[in-house]
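Trainee: Could you walk me through this one? I'd like to start with how the two chains meet.

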There are 2 protein chains.
Amino acid sequence: MRTLKYAILGLLNNEPMTGYDIGKEFSKDLGEFWNAKHSQIYPELKKLFDEGLIVYEIQISGEILEKKMYSITEEGKEAFLKWLKQAEPLEPTPKDVFRLRMYFSNHLDVPTRIHLLEHQLLQHQERLQHLRKNNERHQSIPPHDSVDFGDYFILDGAILRETVTIQWLENFIQYCKSL
Amino acid sequence: MRTLKYAILGLLNNEPMTGYDIGKEFSKDLGEFWNAKHSQIYPELKKLFDEGLIVYEIQISGEILEKKMYSITEEGKEAFLKWLKQAEPLEPTPKDVFRLRMYFSNHLDVPTRIHLLEHQLLQHQERLQHLRKNNERHQSIPPHDSVDFGDYFILDGAILRETVTIQWLENFIQYCKSL
DNA sequence: TTAGGACATATAAATACATACATGTTTATA
DNA sequence: TATAAACATGTATGTATTTATATGTCCTAA
């Protein structure tokens, strides 16, 4: 599917950046739904360059440090927009180790079960708080054609997702405590 | 992390089955949170056998068709239970191509955006219906130490997840239509 | 009785991803 | 002015996963 390809093209379609910058983007809100390590990013950038979808310009930081500032080509924009417009069949639901564990939870004694659930709950509460904090940035819905719109959109989705996960966990903790 | 290893051990901990059966399990409710193709299952079974965590008995179906009925060993049970009890740090949030696409949605004209959202919505509605149908099997919460408990638990989570995804999509469709 | 779908197992090849190795420079701050 | 954190780019190796290739048998329904 080459999804990373399009993630990178999409970022470069907004503004030129370095491989390092792309890695940083993946640690922000976008990282809630897509990410890659630099060991995947740099080879992919080379590939996209070979395909003529991006170009770069070497910039000097300080005295000698070279960085490659990548930007998207016309061909790259076309490829990106073609991908962006595509309506695709639903992907298989994403893997989730914790839920796999809970699938087998009948083999756990009740206190251990509660402990695992509460441990998970705490972490989701922290993530939710973090997401809400990020969301404060948006005072209202950003203009639909601004770069911020997508960020607002998926942050909203991430917050809903965490909220419902927390509900689910709390629900089952309560049930287990009633046993 | 060898998660597939534990998914398989967990299934065999419930009852002996063949590689083919394991594949079928991954196409049921469990598949909402973990799955693997047979090309991954068979080599993993060989590996688990080499590690002494499972054994098999050859059974004949019909006249000649051999099938390997796998069952878990004591060592396998121990390994499985040890894994099951572990409280682990939150995994990174799962990748989601559609949300990645929507992150870049400011580059789409509004009708295309609505079309993509509605296409996605329809598919999630179908999945939700399918999950609800599966859930009818459970008249009430199964006993906490029965094999059905985990199934009920994660089905409930899957239904909540789809419900909130649909809410999110409907919300944004409405917003886009107001533009 | 025959054809199609389900049952059954396996390997090969390619892609995707994570972890580790490798090597530096620049900037802010203590 | 030293030092730690952030900036910056790459490769190597191993693991995980998907898609394709390969080869059958068994069962059910028309």
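Trainee: How many residue pairs are in polar contact across the interface of chain B and chain A?

Mentor: This is a predicted model, so local features need pLDDT of at least 70 and side-chain atom pairs count only at pLDDT 80 or more, while totals for chains, interfaces and linings use all residues. Residues are numbered from 1 along each chain as its sequence is written, chains are lettered from A and ligands numbered from 1 in the order in which they are written, and side-chain values use heavy atoms, with hydrogens and water left out. A polar contact is a pair of N or O atoms within 3.5 Å; within protein, one must be able to donate a hydrogen and the other to accept it, and residues adjacent in sequence count only if both atoms are side-chain atoms. With both residues at pLDDT 80 or more, the number of pairs across the interface of chain B and chain A is 28.

Trainee: Which element gives the most to the side of chain B that touches chain A?

Mentor: Helices here are DSSP runs (H or I, at least four residues), numbered from the N terminus. Those of chain B giving two or more residues to that side include H1 (3-14), H4 (74-85) and H6 (110-135). The top giver, with 16 residues, is H7(B).

Trainee: What area is buried between chain B and chain A?

Mentor: Buried area is the accessible area (1.4 Å probe) that two parts lose on being put together, summed over both. The contact (heavy atoms within 4.5 Å) takes 75 residues from chain B and 75 from chain A. Carbon and sulfur atoms give 67% of the buried area, which is about 7400 Å².

Trainee: Which residue forms a salt bridge with B:Arg101?

Mentor: A salt bridge needs a side-chain nitrogen of Lys or Arg within 4 Å of a carboxyl oxygen of Asp or Glu. The rule finds 2 of them across the interface of chain B and chain A. For B:Arg101 the closest N and O atoms are 3.3 Å apart, and the partner is A:Glu88.

Trainee: And within chain A, where is A:Arg137, the salt-bridge partner of A:Asp151?

Mentor: Their side chains meet at 2.9 Å, N to O. The pair links distant parts of the chain, 14 residues apart: A:Asp151 is in helix H7 of chain A, and A:Arg137 is in the loop between H6 and H7 of chain A.
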